[in-house]
Structures are given as structure tokens and as C-alpha cells.
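Hi everyone, thanks for making the time. Have a look at the structure on the screen, and I'll talk you through a few parts of it.

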Amino acid sequence: MRKLFTLFALLPFMAFSSSAQSTKKGDVNEDGAVDISDVVELVNIILNGGGTQSYLYCPDDHHPHMIDLGLPSETKWACCNVGATAPEGNGGYFAWGETEEKDVYDWSTYIYCEGTDETCLDFGTSISGTQYDVATKIWGNSWQMPSSEQIKELLDNCTCEWVEFNGSKGRKFTSSNGGSIFLPAAGYHDGSELFSHGSYGYYWSGTPYSSYNYCAYGVFFNSSIAIYDFDRYLGQSVRPVSK
Ligand SMILES: [Zn+2]
């Protein structure tokens, strides 16, 4: 009953924000489209008041959860990758700015260029939380791709160790508040092949590379870990953060 009351209490606000920022009726998550992601957003609001509850680690099977790592910016990281059904799951592989998986990842199939790296669309300073953000598109308006600064904050404030978790190899990030997340070494898609699965993780940020339109920032890890700029056509993982 309380949850229903919460929903009704939110409705006037949702109607207002929708009319203020969107022209489409039913665009609950304000991504410019009326689709299944709006239903996901509504269910999220009904079940947990918009997903504001956070945990120190993934508590159960009702993913995604917001994990509180006690970060200075108060950013909460998701417990699992976009497209994954568990923290150890690979999830989906996405070209930067694309919101659907595909069979072949190269410049000819990258939808935000005209077949070459020299014709990539200029996205401005960030795609996080926009229609080009796969986390927002699939998980709803509570989530978005991390910025490169948020990834740096994660690296700066957590210890990071190579572990095997539920049969998946990857890196576990642990913070001083006891919170932790696991990122599987899901590898990456180039062309029609999956490379480095089980040995490397490649995760996108929502931040374009400052010098070239054909790259965007992300983080990769194996025995070491670093923020790097990757060609946008590559199929890589996305670990969202909460808005
Ligand atoms: Zn979870």
C-alpha cells in the first residue's frame, strides 16, 4: 500500500517533469522515445521508489542494485553489467553510443559514422544519460554510463584485486566502507569475434575522447588497470552508475 501511495505521490512530479523536458506522452524516463524502457522505469519507481536504496554489495537476484562505495561524489555503482543477469555475468557488448548488440563490430556497422573513423559524429562532452546511453535506454532513467571522472574516482578510492567470482575471472573493487563490486573480464568484440574473454575487461565511459571524434574513454584491466581511449566501434561492456 505504501508503495502505491509513493507512486501516486510521484505522479504529479512525473507529469510535470515529462511535460517540461519531453514532448512525447508516456516518455517516463525522458530519453526521447516511448518504449519498453519506460515500463522498466515505472516498475522501478513502484518497487523501490525510484531505486534510491543502496547496498554494500549485491544482496539478492533482483538486479540491478545500487552499491554504495562511500565515494566522495556519492556516486553509486551498479552491481552488474548492462545485459547481465548476475554480477559475474558478461552482459552485453556495445559500440559506443549504440544501444543494441550486433553480430559484427567495425566502422562499417557503427551507426554514428559514415563507414570510416574520419566521419564520426561529434557528441559534445558526454553521452551519459542521453538517448545514446545504453544504461539509461535499457535500465531506465535512474542509471547512466559513468563519466571518465567517475571511473577515476572508483580507481582512486578502492583497492582492486584480480579474483575469480562464481566461476568468472575479473576484478573486485573494495572501498574503505566495506562496499564492493565485481567486474568480470568479459573481453571485447572486434569484427565478429570475442577477444580476451576471461583475461581482460573493457568498460566504456560516457565521455568522448577529447582529441578525436573516433575514440571515447573507458577502462581496461588485466593484471594492471588503466583509463584509456578506445575506438568507438568496438563492442565493450558497460557498468552503469546511478544518477
Ligand atoms: Zn544485484
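The strands themselves are DSSP runs of E with at least two residues, the helices are runs of H or I with at least four residues, and both are numbered from the N terminus.

Also, please keep in mind that this is a predicted model: local features need pLDDT of at least 70, side-chain atom pairs count only at pLDDT 80 or more, and totals for chains, interfaces and linings use all residues. Residue numbers start from 1 along each chain, as its sequence is written.

Okay, the overview. There are four helices and 13 strands in the chain. Of its 243 residues, 42% are buried. Buried here says that 20 or more other C-beta atoms lie within 10 Å of the residue's own, while exposed is 12 or fewer and partly exposed is in between, with C-beta atoms placed from the backbone. As for contacts, two residues have one if their C-beta atoms, placed from the backbone, lie within 7 Å. Taking contacts between residues at least 6 apart in sequence, 52% join residues at least 24 apart.

Now to the sheet I'd like to start with. Three strands make an open sheet in the order β10-β11-β12, with antiparallel pairing. β10, residues 201–208, and β12, residues 225–231, are at the edges with a single partner strand each, so one side of each has no neighbour in the sheet. From one strand to the next, the twist averages 35°. Angles like that one are between N-to-C directions, from 0 to 180 degrees, and the axes are lines fitted to C-alpha atoms, for helices over the stretch in contact.

How do the strands connect? β10 and β11, which is residues 215–221, form five antiparallel bridges, and the two make a hairpin with six residues between them.

Let's zoom in on one residue, Gly218, which sits in β11. Gly218 is buried, with 29 other C-beta atoms within 10 Å. Leaving out residues up to four places away in sequence, its contacts include Tyr202, Tyr203, Trp204 and Ser205, as well as Tyr228, Phe230 and Gln236. Ile151 is 67 residues from Gly218 in sequence, yet their C-alpha atoms are 8.1 Å apart.

Next, a helix. α4, residues 148–157, lies across β10, β11 and β12, and runs at about 160° to β12.

On to another sheet. This one is open too, with three strands in the order β5-β6-β7 and antiparallel pairing. β5, residues 158–165, and β7 are the edge strands, each with a single partner, so one side of each is left without a neighbour in the sheet. The average twist here is 25° from one strand to the next. β5 and β6 pair over eight bridges, with Trp162 opposite Arg171. β6, residues 168–175, pairs with β7, residues 180–184, over five bridges, and Phe173 faces Ile181 there. Four residues separate β6 and β7 in their hairpin, and Gly178 in the turn has a positive phi of about 95°. In β7, four of the five residues are buried.

Last stop, the core. A nonpolar core is a set of buried Ala, Val, Leu, Ile, Met, Phe, Trp, Tyr and Cys residues joined through C-beta atoms within 7 Å. The largest one has 43 residues, and Trp77, Ala78, Ala95, Ala135, Ile181 and Val238 touch the most other members. Elements giving two or more residues to this core include α4, β7, β10 and β11, while α3 gives the most, with four residues. Beyond its neighbours within four places in sequence, Trp77 is in contact with residues including Ile67, Leu154 and Ile181.

Notes. Two strands pair if DSSP finds at least two bridges between them.
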